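Dear colleague,

My notes on what was found in it follow below.

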There are 2 protein chains.
Amino acid sequence: MSGRISDSTVRRLSLYLRMLRDLERAGVEFVSSSQLAEPSGATSAQVRKDLSHFGSFGKRGRGYSVDGLVRALENILGLSRSWRLALVGVGKIGSALLGYGGLAARGFDVVAAFDVDEAKIGTRAHGLRIRPMRELRPVIAECGAEIGVVATPTEVAAEVAAELERAGVGAILNFAPIELSEVNGVPIRTVDIVLELEGLSYLMSESGRRTGSDA
Amino acid sequence: MSGRISDSTVRRLSLYLRMLRDLERAGVEFVSSSQLAEPSGATSAQVRKDLSHFGSFGKRGRGYSVDGLVRALENILGLSRSWRLALVGVGKIGSALLGYGGLAARGFDVVAAFDVDEAKIGTRAHGLRIRPMRELRPVIAECGAEIGVVATPTEVAAEVAAELERAGVGAILNFAPIELSEVNGVPIRTVDIVLELEGLSYLMSESGRRTGSDA
DNA sequence: CCGCCCTTGTGAAAGGTTTCACAAACCAAG
DNA sequence: CTTGGTTTGTGAAACCTTTCACAAGGGCGG
Ligand SMILES: NC(=O)c1ccc[n+]([C@@H]2O[C@H](COP(=O)([O-])OP(=O)(O)OC[C@H]3O[C@@H](n4cnc5c(N)ncnc54)[C@H](O)[C@@H]3O)[C@@H](O)[C@H]2O)c1
Ligand SMILES: NC(=O)c1ccc[n+]([C@@H]2O[C@H](COP(=O)([O-])OP(=O)(O)OC[C@H]3O[C@@H](n4cnc5c(N)ncnc54)[C@H](O)[C@@H]3O)[C@@H](O)[C@H]2O)c1
């Protein structure tokens, strides 16, 4: 049980948890692996295999207790607590994030925001005072933010990520379209919209080529 | 050559292309698979294998012609043209996207924007008139947008995606945290920030458990 | 033209993930 | 208590991706 778990398994666990919370709210008590599989596009065998890496949560013939599995998954994913985020770069995407209620609703609280723009420093965005970069280290140390968010221009993203890492965050979410290399075991996830669009471009071009050559 | 290409291969091809464009701008003429591999965290063998699915682009002993490979990858990925995007939902994330120069710079032009909010309809955001949903079909047909972008609240995301598909887009980029099922072969990519954060949460909790149980 | 060095392209091996298929377990009903 | 219907947990098989390792090819200096 529980060796190294793949990214795709963890991703699916999050999706299962989402559905389980909906079921919990709806008052459902038991759920089977096949019901659980449907919304994430997985198979029932995959659900069972994913869960089996962490233990044995179901009852044969009955399925999984919704409440029990919600708690188990929250523990596995580290979501039985909330996490504090420090945002760097309060521009277009940074402001959108600050105003995004979906983060706090799921236990991710933005507790500090930083920028270099003198015009922005000191002003408030969605109730949070924007601070100068100089205060990055002390403020992160003081408020204990665990996750750093990079929403600065691409050119400075690597530098900002390194600074966040030195300030003591345990993970980084990056919005700049650049592959940041993980240092000191601090995991980095990059949300790269252009990469997604290029993936779609490939698929559309490919299907065009396929149907095109058939004609 | 060229069977079904995996997502991860396509993703890496995009990263290679990024680097190649930088090299081109810098006037470099040839590049080896190992140089190409570095920024995307791949290995040189992987670069060669990825490219070999589409043909033979290098010269043994010499490497790849930067210009030649840029054009080859642009063709493979469908990036030797530009794509038109139709945005639905001009809220926080939608506005950030409209103002994001990085899209047009890479050949993705937002050519139409839609919303249901009467207060927003008719106003301009970053030079684009916001249109009522009623005009979705005719406008997409007229301007020929190929990619639909869903930036509406989660509850209506599935409905909006279906509407975009009916309006004739060939692919959808979705920002709502919900798994949309592909219909009629229209590929959908979802950018799910909360899922990324939960992945980081898992990694941090896991390393905590590991170091914790060793102590 | 020759020989040396370098790098590609690619089968084969290794490693990882998903699917299959079934025994084991549980519940409910009789 | 036994039977029947249901669903889990899991080895084994199938499938897919990455890495290895090397022959084949190309350029360059002499
Ligand atoms: N706008 C979008 O929709 C969007 C979408 C995807 C990705 N991105 C990426 O996100 C990043 C930010 O994009 P944006 O559109 O919000 O840009 P923006 O210019 O609106 O905002 C960038 C902010 O970062 C601040 N900044 C600059 N240098 C800094 C530094 N060294 N330290 C701290 N703060 C600094 C600026 O003052 C500004 O407030 C870019 O890398 C962009 O490619 C943006
Ligand atoms: N704000 C963020 O940073 C952020 C980040 C990640 C994901 N998201 C997701 O993106 C989506 C939009 O978030 P947001 O923060 O921009 O919300 P928002 O409320 O600011 O904007 C939503 C917009 O969609 C419009 N809308 C509502 N119903 C519509 C319909 N049926 N058709 C067309 N338009 C409609 C609204 O009028 C509004 O303008 C949500 O699903 C959210 O979970 C947002």
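In this predicted model, a polar backbone atom of B:Gly58 lies 2.9 Å from a phosphate oxygen of DNA strand C, and a polar backbone atom of B:Gly61 is 3.0 Å from a sugar or linking oxygen of DNA strand C; both are polar contacts, that is, pairs of N or O atoms within 3.5 Å, with the further condition within protein that one atom must be able to donate a hydrogen and the other to accept it, and that residues adjacent in sequence count only if both atoms are side-chain atoms. A base nitrogen of DNA strand C, in turn, is 3.4 Å from a polar side-chain atom of A:Arg48.

There are 26 residues around DNA strand C, of which A:Ser6, B:Ser33, B:Arg48, B:Ser56 and B:Tyr64 come nearest, where near means that a heavy atom of the residue lies within 4 Å. Of the atoms of DNA strand C that come within 4 Å of the protein, 65% belong to sugar and phosphate. By class, this surface has eleven charged, twelve polar and three nonpolar residues (Asp, Glu, Lys and Arg count as charged, Ala, Val, Leu, Ile, Met, Phe, Trp, Tyr, Cys and Pro as nonpolar, and the others, Gly among them, as polar). Its largest share, four residues, comes from H3(A), helices being DSSP runs of H or I with at least four residues, numbered from the N terminus.

The other site to look at is that of ligand 1, which lies between chains A and B. Of the 23 residues around ligand 1, A:Ile93, A:Asp115, A:Lys120, A:Thr152 and B:Tyr100 come nearest. Oxygen atoms of ligand 1 are found 2.5 Å from an N or O atom in the side chain of A:Asp115, 2.6 Å from a polar side-chain atom of A:Lys120 and 2.9 Å from a polar backbone atom of A:Thr152. Ligand 1 taken alone exposes 820 Å², of which the protein buries 85% (Shrake-Rupley method, 1.4 Å probe). The shell around ligand 1 divides into 15 nonpolar, four polar and four charged residues.

As to conventions, residues are numbered from 1 along each chain as its sequence is written, while chains are lettered from A and ligands numbered from 1 in the order in which they are written. Local features need pLDDT of at least 70 and side-chain atom pairs count only at pLDDT 80 or more, whereas totals for chains, interfaces and linings use all residues, and side-chain values use heavy atoms, with hydrogens and water left out.

With best wishes

Terms used. Helix = DSSP H or I, 4+ residues; strand = E, 2+ residues; numbered from the N terminus.
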